[in-house]
Every structure is written in structure tokens, then in C-alpha cells.
Amino acid sequence: MEGPLWPLLNALDTGPDDRLFHDAVACAAAFEQDPAVLGASAHLLAVAPA
């Protein structure tokens, strides 16, 4: 799973056999239908002056 929920799934040590994993996949499927959230990511981009 890639996206904003994967850190939570990793932190809770969930796998493909867990209910939470299936719920996260269902949530991701719902989100990918909404163009407003397609850019959501778990990757952090930071900008700071040098």
C-alpha cells in the first residue's frame, strides 16, 4: 500500500490478512476516485533556506 495510510499500517504491523488492511485498501480506492486528493502522499517535501 502506498499513500497517506501506509505509515499507520506499518506502525500497527498490519498485513494483508488483517481487517484494517482491507479497510485501508477500500479507503484508498474511494480516494482515488476524487481528483482533489489524488496528490495526497505520505512522502514529505520540505523546503528551507540554505
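This is a short walk through one predicted model, from the overall fold to a few local features.

Start with the whole chain. The protein chain has 50 residues, and buried residues make up 12% of them. Its secondary structure is two helices and zero strands.

Now the charged pair. How many salt bridges does the count give? The count is one. The partners are Arg19 and Asp23, joined through their side chains at 3.0 Å, N to O. In general terms, side chains of opposite charge can pair when their charged atoms come close. Where do Arg19 and Asp23 sit? Both are in helix α2, which covers residues 19-31. They are four residues apart, about one turn of the helix.

Are the two partners buried or exposed? Arg19 has 64% relative accessibility, so it counts as exposed. Asp23 comes in at 35%, so it counts as partly exposed. The cut-off for exposed is over 50%, and for buried under 20%; Asp23 falls in between because its value is 35%.

Next, the loop between α1 and α2. Helix α1 is 6-11, and Leu12 lies in the loop that leads on to α2. Asp13 is in the loop between these helices too.

Take Leu12. Its relative accessibility is 47%, so Leu12 is classed as partly exposed. Leu12 also belongs to a nonpolar surface patch, together with Leu8 and Leu20.

Then Asp13. As background, most residues other than glycine have a negative phi. Asp13 is also exposed, because its relative accessible area is 67%.

To recap: one salt bridge, Arg19 to Asp23.

Note on methods:
Residues are numbered from 1 along each chain as its sequence is written. This is a predicted model: local features need pLDDT of at least 70, side-chain atom pairs count only at pLDDT 80 or more; totals for chains, interfaces and linings use all residues. Side-chain values use heavy atoms; hydrogens and water are left out. A salt bridge is a side-chain nitrogen of Lys or Arg within 4 Å of a carboxyl oxygen of Asp or Glu. Buried means under 20% relative accessible area, exposed over 50%, partly exposed in between (1.4 Å probe, protein chains only). Patches are made of residues with over 30% relative accessible area and no salt bridge: like charges are joined within 9 Å, nonpolar side chains (Val, Leu, Ile, Met, Phe, Trp, Tyr) within 5 Å. Accessible areas come from the Shrake-Rupley method with a 1.4 Å probe; for residues, only the protein chains shown count as cover.
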